[in-house]
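Biologist: I am new to this structure and would like to learn how to read its features. Could you take me through them in turn?

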Amino acid sequence: MAADGGGPGGSRLEVRRVAGRIGAEIEGVRLAPDLPDETLVAIEEALHAHKVIFFRGQEHLDDTAQEAFAERLGQPLAHPTVPVRDGSSYLLELDSALGGRANSWHTDVTFVPDYPKASILRAVVLPAWGGDTVWANTAAAYERLPAPLKALADELWAMHTNAYDYAGGPPGVSQKAIERHLKVFAATVFETEHPVVRIHPATGERTLVLGQFVKSFVGLSTSESRRLFDMLQEHVTRLENTVRWNWRLGDVAIWDNRATQHYAIDDYGRQQRIMRRVTLAGDAPLALDGRRSRAIKPEPVETADA
């Protein structure tokens, strides 16, 4: 379909769905910090509708332009534990040679209360084969839960943390990767309680807040939590809720981090894969009962009124 608010010269955005429930490729726009406001509105509308949007042929973007473009969509923020790329303000480099292989289902940075609303990812170095990324629609997953599971999820809260059992994750995790995780990613331990079902602030949809950072459900034992987590998570990652993207150099993907999970497939052996990401500040999820997510660790700092 075509969307108003095109690129330079008054062209129109061409929005082509990639999969049935999630994902669209957008043509007719050259991403840049100086895009017209109406183009940015059209991009944001497509993002809310399709959850993840893809742009081919964006080789002109460099680190500075990617950060400046991100500033047009929201407030960029640095990762809470992983250092930004040298010379950048917000840019996170994901280098497979340095442990940047996020081969597990997750929503970015849910171990903090106000986790990012969106992420902007650019392909810099790609393997000759493999290295696709898959996204899942957590709004579609919630909508299609059986009624008893939906009622249960509506009441659940989960503890999210960056101090998850990395060694107990996917098989083949190297000792080097485990050590880097403990030294960098989990140097400061964060724990946050989120509702399992949040209300999307822009669309009003109900989405599931799950993924690898879930440690347990509030009020349930570890074993109970694991069985229930597996059941709910399986609904998120059903193939019909997903889209798989085969990267080309210069591709850019933007996803709604409040309504998706993603998985970077680690199937390219020792080849190098480098991606650079900017995330945009979000808000603490709103539960159906009106409560907001809250930090457990580090403890929130109380501030006195001025």
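Modeller: What follows takes up a strand and its partners, then salt bridges, then nonpolar cores.

Modeller: This is a predicted model, in which local features need pLDDT of at least 70 and side-chain atom pairs count only at pLDDT 80 or more, while totals for chains, interfaces and linings use all residues. Residues are numbered from 1 along each chain as its sequence is written, and side-chain values use heavy atoms, with hydrogens and water left out.

Biologist: How many residues of strand S10 are buried, and which way do they point?

Modeller: In a regular strand the side chains alternate between the two faces of the sheet. Helices (H or I, at least four residues) and strands (E, at least two) are DSSP runs, numbered from the N terminus, and buried means under 20% relative accessible area, exposed over 50%, and partly exposed in between, with a 1.4 Å probe and protein chains only. In S10 (residues 191–195), five of the five residues are buried, so the strand is largely enclosed by the rest of the structure. Glu191, Glu193 and Pro195 point one way from S10, whereas Thr192 and His194 point the other way.

Biologist: Which residue stands opposite Thr192 in strand S18?

Modeller: Two strands pair if DSSP finds at least two bridges between them. S10 pairs with S18 (residues 294–297) in the antiparallel sense over three bridges, and there Thr192 stands opposite Ala295. Strand S9 (residues 157–161) also runs antiparallel to S10, joined to it by five bridges, with His160 opposite Thr192.

Biologist: How many salt bridges does the structure hold, and which residue forms one with Glu193?

Modeller: A salt bridge is a side-chain nitrogen of Lys or Arg within 4 Å of a carboxyl oxygen of Asp or Glu, and the structure holds 20 of them. Arg294 forms one with Glu193, the closest N and O atoms being 3.2 Å apart. Arg294 lies in S18 and Glu193 in S10, so the pair ties together parts that are 101 residues apart in sequence. Arg294 counts as partly exposed at 47% relative accessibility, whereas Glu193, at 13%, counts as buried.

Biologist: Which residue meets Arg276 in a salt bridge, and is Arg276 buried or exposed?

Modeller: The side chain of Arg276 meets that of Asp63 at 3.0 Å, N to O. This pair links distant parts of the chain, with Arg276 in strand S17 (residues 274–280) and Asp63 in helix H2 (residues 63–73), 213 residues apart. Arg276 is buried at 11% relative accessibility, and Asp63 is buried with a relative accessible area of 16%. Asp63 and Arg276 also belong, with Glu93 and Arg122, to a network of salt bridges.

Biologist: Which residues touch the most other members in the largest nonpolar core?

Modeller: In soluble globular proteins, nonpolar side chains tend to be buried together. A nonpolar core is a set of buried Ala, Val, Leu, Ile, Met, Phe, Trp, Tyr and Cys residues joined through side-chain atoms within 4.5 Å. The largest one has 26 residues, of which Ile26, Leu31, Ile53, Phe55 and Ile254 touch the most other members. Helix H1 (37–50) is among the elements that each supply at least two residues of this core, and H1 gives the most, with five residues.

Biologist: Which residues does Ile53 touch?

Modeller: Contact means heavy atoms within 4.5 Å. Not counting residues up to four places away in sequence, Ile53 touches residues including Ala24, Ile26, Ile43, Leu47 and Ile254. Apart from this core lies another, of 21 residues, among them Ala136, Ala158, Leu210 and Val214.
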